Amino acid sequence: MKSNSIEFNQNARRVYTAVRHTFETCDMFHRVKCDDMNFVITAKHGASLLALGENIKVRVVATSTQSSKVVVESGNQFPINILNIGQNKQNVTTLTEFIANRVYRLCSDEEIKLRPTEIKFK
């Protein structure tokens, strides 16, 4: 499992909403699952002839009230996949750059609206 992180000068809710929008509107990811309470997104990236695909996990962590960090993790879908050694590291770097470019653009108030949290009280 390889990982990388990105720092943002935006609050965690705004960054999570931008990352979620990126994953939901991009056609490269499958089985996207979003945990709005914990700011975690899991997805699968397709398979190729040599590899059986990869699992992607993205976590948004608040580092202060007005800054946050996005942690991108990538691992093989098949644990004993030795054919693509080093591919996960390259994919994490590429995905980190992709997320950084999209989030910086989407974090403005004009581009994306914050989604309200769905908290159910008993």
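Biologist: What joins E4 to E5?

Modeller: A hairpin of two residues links E4 to E5. Please note that this is a predicted model: local features need pLDDT of at least 70, side-chain atom pairs count only at pLDDT 80 or more, and totals for chains, interfaces and linings use all residues. Residues are numbered from 1 along each chain as its sequence is written, and side-chain values use heavy atoms, with hydrogens and water left out.

Biologist: How many helices and strands are there in the protein?

Modeller: The protein has two helices and five strands, and along the sequence they follow the pattern β-α-β-β-β-β-α. Helices (H or I, at least four residues) and strands (E, at least two) are DSSP runs, numbered from the N terminus.

Biologist: In what order do the strands of the sheet lie?

Modeller: The five strands form an open sheet in the order E1-E5-E4-E3-E2, with antiparallel pairing. Strand E1 (2–8) and strand E2 (29–35) are the edge strands, each pairing on one side only. Two strands pair if DSSP finds at least two bridges between them. Ignoring direction, neighbouring strands of this sheet are turned by 15° against each other on average.

Biologist: How many bridges join E4 to E5?

Modeller: Ten bridges join E4 to E5, and the two run antiparallel. Ile56, for instance, has Ser74 in E5 as its bridge partner.

Biologist: And which residue in E4 stands opposite Ala43?

Modeller: That is Ile56. Likewise, Lys44 stands opposite Asn55 in E4. Strand E3 (residues 40–45) and strand E4 (residues 54–64) pair in the antiparallel sense over six bridges.

Biologist: Turning to the helices, which strands does H1 lie across?

Modeller: Helix H1 (residues 12–25) lies across E1, E2, E3, E4 and E5, and runs at about 160° to E4. Axes here are lines fitted to C-alpha atoms, for helices over the stretch in contact, and angles run from 0 to 180 degrees between N-to-C directions. With 14 residues, H1 reaches 20 Å from its first C-alpha to its last, close to the 20 Å expected at 1.5 Å a residue. The expected span is 1.5 Å times one less than the number of residues.

Biologist: Why is H1 described as largely enclosed by the rest of the structure?

Modeller: H1 is described in that way because eleven of its 14 residues are buried. Among them are Val15, Ala18, Val19 and Phe23. Buried means under 20% relative accessible area, exposed over 50%, and partly exposed in between (1.4 Å probe, protein chains only).

Biologist: Which residues touch the most other members of the largest nonpolar core?

Modeller: Of its 23 residues, Val19, Phe23, Val58, Val70 and Ile99 touch the most other members. E1, H1, E3, E4, E5 and helix H2 (87–106) each supply at least two residues of this core, and the largest share, six residues, comes from H1. A nonpolar core is a set of buried Ala, Val, Leu, Ile, Met, Phe, Trp, Tyr and Cys residues joined through side-chain atoms within 4.5 Å.

Biologist: What is Phe23 in contact with?

Modeller: Leaving aside neighbours within four places in sequence, Phe23 is in contact with Phe29, Val32, Ile41, Ala43, Ile56, Val58 and Ile99. Contact means heavy atoms within 4.5 Å.

Biologist: Is Val103 buried or exposed?

Modeller: Val103, in helix H2, counts as buried because its relative accessibility is 0%. Not counting residues up to four places away in sequence, Val103 touches Phe8, Val15, Ala18 and Val19. Val103 and Ala18 are 85 residues apart in sequence, yet 5.4 Å apart in space, C-alpha to C-alpha.

Biologist: A change of topic: which side chains make a polar contact with the side chain of Ser67?

Modeller: The side chain of Ser67 makes polar contacts with those of Thr63 (2.7 Å) and Ser64 (2.7 Å). A polar contact is a pair of N or O atoms within 3.5 Å; within protein, one must be able to donate a hydrogen and the other to accept it, and residues adjacent in sequence count only if both atoms are side-chain atoms. Ser67 is in strand E5.

Biologist: And which side chain does Glu73 join in a polar contact?

Modeller: The side chain of Glu73 joins that of Arg59 in a polar contact of 3.4 Å. Glu73 lies in strand E5 (residues 67–76) and is buried, with a relative accessible area of 17%.
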